[in-house]
Each structure stands twice: as C-alpha cells, then as structure tokens.
Amino acid sequence: MELPQNGTLRYSITQCKTRREALTDGDTLTILTESKQKVIVRLNAIDAPENSQAFSNASKKSLSSICFKKAAIVDTFGFDKYGRMIGDVTCNEVNANKHQVENGMAWVYRKYSNDAKLIESEAQAKNMGLGLWDDPNPVPPWDFRHQVTPPTVPVVKSTTSGFSCSGKRFCKQMVSCDEARYYLEVCGVYRLDRDNDGVPCESIC
C-alpha cells in the first residue's frame, strides 16, 4: 500500500504495535499496514512527556491500553521532518489523541494546534489534577527538550487570613475549611469544588 504524502486522508491500519521498541512515548506508535509495512505514527496536535520526564511511563501505558494489538484508523496529515506520519489515530472507536489529553497524559501542542475542543479537554484534566497535572509545576516537553525551567507556583501572602497560595492543590493538603475556601476563592484552585456548588472539600466543610 502506498503511503500518503500530504493532505488529510483516512488510512486503514490492521494493527498497532505499541510496546517495547514500537512505542517510544505517549504520542508515538508503530503501526502495521495490511501489506505488513511498519510505519511510525506521531499523534497529531499533542505532545507527551519525554522518556526521562515524570509521567512518561504512565503516558506510554495509557496509549498502549487503547491501541496495543487493536485495529486502527489514521487520519493522516502527511509526514514530519523525521519521516514520521502525522495523524489522528482511532483505536476501537477511541480517539487516541483526545484520550491522552483528557486523561492528563499529554499536552495540547500549541505550536501546531489551536483545536478548541482539545484545549478544553486539557483544561478539564488540569482542573481535576489528572495525570501529569498532579504535579504543581509540570514541565511541557517542548520546554524540557530545550531545558527551559518553568516558573514555580507563586506564593501570594494574605494580610488578613494568614493563608497563602503556596502550591497546595488537593483537599487532603488542607488543614481547615477556611484554608480550603481561601484556596478556592483567592488562589483559584477550582478543582477543590468538584461539584461546582461553591463549597470546597466537602469532607471538611
């Protein structure tokens, strides 16, 4: 089967091989065509943690869980400078690109995508602290590759309550309901209010 060179084209795959050497990270996999040709596919619009980054293994396992030994469809957009096919991959009717982002296993690659729905999925994963967003200061892979250190969570002092926005993100870190309310209302840690009723950390409030 001739490989597509450009344009958006649906490309039917018989099998995804996503373990060991066939899976480099959470956004790249090797597929096997009907003619038994191996093709490396880079998932379009997302960027997963590099091998030496936190959550790299979790990201690989996440991609493997939906695509390993599964029939797949690739909507391809041609090839990148490394010769990898760029595409949206669907395994068992699950969009792998979106799956990785909405589970906190990859970033939206803003340099190459402004997909509003994908960005919304990323924001929801971040708000819920899923996957890589469990880290208060996750490093995007494009910064990691160039060794750019992101700014840490700022510490904002309060002159009245005594609390500060010092990087806490989870209810289990709160020592009181007042602190939880401070983090919700002042620091903007909206994940503390999971049901959006205005009451944070209902186990203590």
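A disulfide here is a pair of cysteine sulfur atoms within 2.5 Å. Keep that cut-off at hand for the later stops of this tour. The model is predicted, with local features needing pLDDT of at least 70 and side-chain atom pairs counting only at pLDDT 80 or more, while totals for chains, interfaces and linings use all residues. Residues are numbered from 1 along each chain as its sequence is written, and side-chain values use heavy atoms, with hydrogens and water left out.

**Stop 1: strand β8**

Select residues 85-91, which make up strand β8. Helices (H or I, at least four residues) and strands (E, at least two) are DSSP runs, numbered from the N terminus. In β8, 5 of the 7 residues are buried, where buried means under 20% relative accessible area, exposed means over 50%, and partly exposed lies in between (1.4 Å probe, protein chains only).

Strand β7 (residues 72-79) runs antiparallel to β8, joined by 6 bridges, and A72 has C91 as its bridge partner. The two strands form a hairpin with 5 residues between them, and G83 in the turn shows a positive phi of about 85°.

Next, show strand β5 (residues 38-43), which runs parallel to β8 with 3 bridges. Pick out L43 with its bridge partner G87, then V41, which stands opposite M85.

Strand β9 (residues 94-95) is antiparallel to β8 through 2 bridges; here T90 stands opposite N95. In this hairpin 2 residues separate the strands, and N92 has a positive phi near 50°.

**Stop 2**

Select residues 28-32 for strand β4, which pairs antiparallel with β5 over 5 bridges. L32 and K38 are bridge partners. This hairpin has 5 residues between its strands, with K36 in the turn at a positive phi of about 65°.

**Stop 3: the cores**

In soluble globular proteins, nonpolar side chains tend to be buried together. A nonpolar core is a set of buried Ala, Val, Leu, Ile, Met, Phe, Trp, Tyr and Cys residues joined through side-chain atoms within 4.5 Å. The largest one has 21 residues, and L29, V41, L43, C67, V89 and A96 have the most contacts inside it. Two or more residues each come from β4, β5, α1 (56-67), β7, β8 and α2 (96-102).

Which residues does L43 touch, leaving aside those up to four places away in sequence? With contact meaning heavy atoms within 4.5 Å, L43 touches D27, L29, L63, G87, V89, A96 and N97. Another core lies apart from the largest one, with 9 residues including M174, A180, Y182 and V189.

**Stop 4: the disulfides**

There are 3 disulfides to visit. Start with C67 and C91, whose S to S distance is 2.1 Å. The torsion about their S-S bond is about 95°, so this disulfide is right-handed. It ties helix α1 to strand β8 across 24 residues, and both cysteines are buried.

Move to C171 and C201, with sulfur atoms 2.2 Å apart. Their torsion is about -90°, so the disulfide is left-handed. C171 is partly exposed at 30% relative accessibility, whereas C201 is buried at 3%.

Finish at C177 and C205, S to S 2.1 Å. The torsion about their S-S bond is about 115°, so this disulfide is right-handed. C177 sits in helix α5 and C205 in the segment after α5, 28 residues apart. C177 is buried at 18% relative accessibility, and C205 is partly exposed at 32%.

Methods: Two strands pair if DSSP finds at least two bridges between them.
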